[in-house]
Amino acid sequence: MPVELAPLATPAHKAAPAPYNGSTEPKMNKLCRQLSIESPSLGGRECVFSFDVPVPEVPTRGARIRVVCAGACYHPKRSGSLTSLNSVSSASSLATDVSVEGDFPSMLPHHGMRDAALFPGYEVAGVVESLGSELTEDCGVKLGDRVIMYPYEGIPNGYVEYLVVHDLKYLIKVPDNMPLSVAAMLPAGALLAMNTVHAAHELVQSLLEERGDNSVCKILIVGTGGLALWALRIAAYQYSNMKDRVTITIASLKDDGLMMAQEFQRRLSGVWMSRNLHNGRKFTRVSEGLRRKELPDRQLRPLHLFTGSWYFDYSVNVVQWSEDLYEKQLIERTMDSCGGQVDVVIDFGTTSRSLHRSMQCLGKGGVVFVIKEVADRLLPKFSRRAEERQQKIQPVEPGSLEQLRELVQLVGSGEIEPPPHTVYPAEDALDVVQKLCHSEIQGRAILRFYPAD
Amino acid sequence: MKMTPSLCTSDLLKPEIRDACKDLILTDEQLRLVMERLRHQIDRGLSKQSHEEAIVRCYTTYVQDLPNGTEKGNFLALDLGGTNFRVLLITLDGQSFDMKSKIYAIPQSLMLGTGRQLFDHIAQCLALFVKDLKLEQEVLPLGFTFSFPLSQQGLTKGLLVRWTKGFNCSGVVEQDVVALLEDAIARRNDVKIDVCAILNDTTGTLMSCAWKNKNCRVGLIVGTGSNACYVEKTENVECAIPGQYAAHKPHMLINTEWGAFGEQGTLDFVLTEFDRDIDENSINPSKQLFEKMISGMYMGELARLVLEKLTNNGLLFNGKCSCDLRKRGKFFTKYVSEIESDPKGKYANCREILAELGIRNATDQDCENVRYVCSVVSRRAAHLASAGIATLLVKMGENNVTVGVDGSVYRFHPHFHDLMVEKISALQPYKFDLMLSEDGSGRGAALVAAVAAQKR
């Protein structure tokens with residue numbers, strides 16, 4: 001009989017502690033807040049924890065960040081905990097373990113989980129509050145710098161208001177024109193999406209070379225959560241010079257995904273061309289004449305998307321994967337929208353059902369890219385099927401530090417437009433997670449720990 | 001020959017569950033009474049005198065010609081029957097056939113917006129489709145498949161009686177939907193589309209099947225909704241408006257709109273508590289009762305209600321289940337088909353579906369009982385549809401009639417065809433065949449336009 005654990009009490013902790021003066025060394029044993037979001041496997045189980053932890057000591061060659069914004073992601077499972085609250089983490093882990101009954105792995109029934117609106121990751125953006133004692137003035141980072149942190153192995157189990165980084169190389173300065181709420185989206189969601197698109201790109205390149213001139217490569221992106229929205233933007237950027245040879249279709253897992261894709265097209269066109277936009281229909285190019293215009297070289301692109309004469313012209317098909325339709329109907333409609341089987345699927349869905357659909361839409365020799373966490377769970381069931389169909393299921397890891405630097409530049413320069421996001425107070429994290437589980441938030445949700453940048 | 005599956009006799013089936021489901025199992029005696037009452041309503045619908053009070057209205061389609069294989073040219077079809085619609089171009093040359101099509105979504109906001117917005121959206125998609133094919137200079141006959149209750153007053157005039165399937169656009173009920181479409185096309189003034197006919201999906205299903213099989217005289221849909229049409233003698237079609245049809249031609253298709261059967265208490269003797277629950281919580285309470293017992297829009301919910309009751313009574317899942325099984329609309333009709341597709345004694349699909357609903361501790365007995373519930377619900381649907389078809393076959397009184405069938409439940413449920421063949425044979429004496437009609441609501445509409453254009 002499994003032991004039923006009482007949910008951990010959430011302390012009342014509305015008032016944020018007063019921020020420290022950067023020039024004053026904090027007192028020993030001062031406390032700050034840590035917010036942990038565990039994987040919500042069942043709606044009724046507690047998945048958001050908030051408790052006080054000591055303000056961490058500044059590493060001698062590192063820095064301490066006052067966290068301002070954090071992306072709403074859940075904490076990926078890991079074997080060991082580096083925090084000083086091992087008992088709490090162990091209790092959480094035990095709670096997760098006892099919820100699994102029988103011999104089935106945990107499923108993720110929530111719609112938002114199916115759509116990867118909520119996904120594993122660690123995303124923080126903040127301000128440098130202290131520097132390590134052994135750092136010199138030319139270390140490249142100074143007090144007050146706005147930064148994001150690449151999620152390296154040393155990160156804690158939750159979002160802590162004062163976060164230490166042991167090596168300055170993991171800090172990336174945020175451009176002045178980028179809000180911290182946008183910056184907070186980059187280290188996990190955008191980075192994972194970018195790495196997925198990069199992995200797919202290697203395959204796309206080899207397919208196009210192999211097939212010769214005038215051949216076309218078809219990509220299907222599954223999902224309309226934060227990951228898919230980033231992947232769409234990054235892929236459209238990646239293939240902006242190859243639009244006649246690479247087609248992109250979005251399989252929307254909810255109704256307003258169509259509106260999301262329309263919004264995407266509208267912004268990137270700079271002008272609302274309502275006559276040419278249709279739900280579920282391939283979006284038309286702005287005009288025939290403009291299409292022939294020579295696209296400027298990458299380096300010459302203007303910094304701000306809407307101030308230059310350059311425009312971003314990429315057409316995207318949208319097909320809606322309504323859950324109430326039969327699977328064969330969904331496959332038929334997707335094939336119709338894609339013009340046949342696709343070569344690459346980027347599947348940010350998290351269920352067997354969505355992976356099964358992806359494989360049915362994929363041609364022989366095709367590859368479906370899935371989040372590593374999802375691949376770990378589903379590969380045992382699907383590997384034989386993939387082998388029979390001569391297809392490959394490719395897990396995708398979070399991206400590299402270099403990729404994250406590149407992302408910051410591309411988003412800062414306006415070459416990649418971030419998806420819509422909403423900022424919520426960190427105190428509302430539980431409510432935010434529940435909304436994400438039910439796909440009630442469009443785009444990304446960002447938690448804010450302080451009222452102003 | 002595929003064996004008709006028998007009711008599960010596994011000892012995993014609990015007697016209490018069989019007992020709880022007994023109201024969902026219909027005897028042949030009950031089905032014959034259904035036939036008797038349906039026949040009565042069909043006769044009332046055909047009669048000019050009683051048409052207005054009839055439950056099964058038997059609308060005149062004004063379609064009097066079936067395709068004969070000589071049709072030629074480019075024809076458009078518009079298939080509006082749910083939250084997606086299709087535009088098709090069909091090129092006919094005798095028995096050869098080519099088709100291009102595109103699917104378009106109708107967002108929830110347009111399903112509940114104004115009729116003008118809806119038809120402007122449709123006209124927009126039509127124009128784009130025609131321009132993509134570079135046919136904007138050609139006059140293209142169009143057949144309009146409109147799968148909602150329609151009072152047809154000519155081959156190109158149809159008034160919407162009421163919205164179904166979740167639609168509720170304003171300004172369309174009692175309006176001529178062909179005129180609304182023509183006006184929307186005219187507002188654009190950029191393509192030359194000639195609306196030659198309006199029909200429902202059952203008519204299209206019959207026409208598409210008839211193009212391949214000259215014996216086809218009945219069209220049946222068991223999908224999101226359910227309806228049937230059949231070939232009636234012109235002399236019996238009392239409600240046809242003089243001047244709008246050719247009296248000398250022997251036949252006319254009748255759109256029964258049999259989904260409405262059951263109103264005014266005509267099916268109370270077979271309604272269960274689950275049917276009443278579905279009806280009371282639908283967007284059209286006390287309407288379309290026969291349809292609510294048969295069609296895919298409701299089948300999953302019907303199964304869910306039974307499963308929820310059994311769980312609450314402690315007969316399934318140890319009396320505990322996730323919030324999803326208690327939520328309306330969470331048990332999709334495709335789950336019924338997928339669960340019944342599991343081989344006997346295997347429960348892979350069942351377990352997968354229960355896991356999606358948050359139930360992860362189902363035993364084999366639970367899975368077997370879930371499958372039993374699904375089979376009882378789908379079998380009843382098949383038997384009621386069979387009673388309807390048997391009624392039409394008896395009325396026509398001909399041997400070797402082919403019934404063209406379409407619809408997601410018929411197409412995707414593993415046993416529906418066999419269940420229907422068996423029950424129709426048991427309920428009436430004439431020889432018949434059930435034939436899957438390929439792309440009835442698309443190709444059939446183009447065929448109606450082709451036949452109509454040829455007669456002009």
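Is Tyr152(A) buried or exposed? Tyr152(A) is buried, with a relative accessible area of 11%. Here buried means under 20% relative accessible area, exposed means over 50%, and partly exposed lies in between, with a 1.4 Å probe and protein chains only. The model is predicted: local features need pLDDT of at least 70, side-chain atom pairs count only at pLDDT 80 or more, and totals for chains, interfaces and linings use all residues. Residues are numbered from 1 along each chain as its sequence is written, chains are lettered from A and ligands numbered from 1 in the order in which they are written, and side-chain values use heavy atoms, with hydrogens and water left out.

Aromatic pairs were searched for over the whole structure, and 15 were found over all chains. Rings of Phe, Tyr and Trp (its six-membered ring) pair if their centres lie within 6.5 Å; planes under 30 degrees apart count as stacked, over 60 as edge-to-face, and the rest as tilted. Tyr152(A) and Tyr170(A) are stacked, because their ring centres are 4.3 Å apart and their planes are at 0°. The pair links distant parts of the chain, 18 residues apart. Tyr152(A) sits in the loop between strand E5 (146-149) and strand E6 (159-160) of chain A. Tyr170(A) sits in the loop between strand E7 (162-165) and strand E8 (171-173) of chain A. Helices (H or I, at least four residues) and strands (E, at least two) are DSSP runs, numbered from the N terminus. Tyr170(A) is buried too, with a relative accessible area of 17%.

Phe148(B) lies in the loop between strand E5 (140-146) and strand E6 (150-154) of chain B, and Phe167(B) in the loop between strand E7 (157-160) and helix H5 (177-188) of chain B, so the pair ties together parts 19 residues apart in sequence. Both Phe148(B) and Phe167(B) are buried.

The largest nonpolar core has 131 residues. Such a core is a set of buried Ala, Val, Leu, Ile, Met, Phe, Trp, Tyr and Cys residues joined through side-chain atoms within 4.5 Å. Met149(A) and Ile221(A) have the most contacts inside this core. Helix H4 (residues 186-211) of chain A gives the largest share, 13 residues. The core lies between domain 1 (31-76 + 114-188 + 400-448) and domain 2 (190-273 + 312-396) of chain A, because both give residues to it. These domain bounds come from an automatic or database domain assignment. In soluble globular proteins, nonpolar side chains tend to be buried together.

Ile185(B), in helix H5 of chain B, has 8% relative accessibility and counts as buried. Ile185(B) and Ile122(B) are 63 residues apart in sequence and 8.8 Å apart in space, C-alpha to C-alpha. Val401(B) lies in strand E12 (residues 401-406) of chain B. At 2% relative accessibility, Val401(B) is buried. Val401(B) and Cys216(B) are 185 residues apart in sequence and 6.0 Å apart in space, C-alpha to C-alpha.

Backbone angles were examined as well. Most residues other than glycine have a negative phi. Tyr62(B) is not a glycine, yet has a positive phi of about 65°. Tyr62(B) lies in the loop between strand E1 (59-60) and strand E2 (72-80) of chain B. This tyrosine counts as buried, at 4% relative accessibility. Asn318(B), also not a glycine, has a positive phi near 55°. Asn318(B) is found in the loop between helix H9 (296-312) and helix H10 (333-341) of chain B. Asn318(B) is exposed, with a relative accessible area of 65%.
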